[in-house]
Amino acid sequence: MDTSKPAIFVNGGLLAMHVKKRVRAVLQIVGSDRGSVIAKSTDDHQIVVKGSPPPSPLTTFVEVIGVADSEKSIQAEIWTNFGDSFDTHSYNQLCQLANGEYQNLFL
């Protein structure tokens, strides 16, 4: 595991706390618009993902790792397909742990 550039687990509500930092988020693809992908975070915030997705088709849920360039957008570096179903509630719980009392376990 590469620990030289850690990415903070975020959902839409936590993204604003990490602008200009490397983040990772699981998102539901909604559509695309002029070189970016429109997605919904696991806590129902709209997120714009900038950067080129992989050439293979994206599944309904993807994990994006990149830099949060605003409270509502991520400049993606890595895209990973996560399939067509995903437990959003558990992911939101993970984000709360990773940004709260137990954050030292995640970075």
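Q: Is Asp 69 buried, partly exposed or exposed?

A: This is a predicted model, in which local features need pLDDT of at least 70 and side-chain atom pairs count only at pLDDT 80 or more, while totals for chains, interfaces and linings use all residues. Residues are numbered from 1 along each chain as its sequence is written, and side-chain values use heavy atoms, with hydrogens and water left out. Buried means under 20% relative accessible area, exposed over 50%, and partly exposed in between (1.4 Å probe, protein chains only). Asp 69 is partly exposed because its relative accessible area is 25%.

Q: Where does Asp 69 lie, and which residues is Asp 69 in contact with, leaving aside neighbours within four places in sequence?

A: Strands are DSSP runs (E, at least two residues), helices are runs of H or I of at least four, and both are numbered from the N terminus. Asp 69 belongs to strand β5. Contact means heavy atoms within 4.5 Å; beyond neighbours within four places in sequence, Asp 69 is in contact with Val 19, Lys 20, Lys 50, Ile 74 and Gln 75.

Q: Which strands pair with β2?

A: Two strands pair if DSSP finds at least two bridges between them. Strand β2 (residues 22-33) runs parallel to β1 (residues 8-9), joined by two bridges, and Ile 8 stands opposite Val 23. With β5 (residues 61-70), β2 is antiparallel over seven bridges; here Arg 24 stands opposite Ile 65. Six bridges join β2 to β3 (residues 36-41) in the antiparallel sense, and Ile 29 has Ala 39 as its bridge partner.

Q: How many residues lie between β2 and β3 in their hairpin?

A: Two residues lie between them, and Arg 34 in the turn has a positive phi of about 45°.

Q: How many residues has the largest nonpolar core?

A: In soluble globular proteins, nonpolar side chains tend to be buried together. A nonpolar core is a set of buried Ala, Val, Leu, Ile, Met, Phe, Trp, Tyr and Cys residues joined through side-chain atoms within 4.5 Å. The largest has 23 residues, and those with the most contacts inside it include Leu 27, Val 49, Val 64 and Trp 79. At least two residues of this core come from each of β1, α1 (12-15), β2, β3, β4 (46-50), β5, β6 (73-81) and α2. Not counting residues up to four places away in sequence, Leu 27 touches Ala 39, Ile 47, Val 49 and Val 64, among others.
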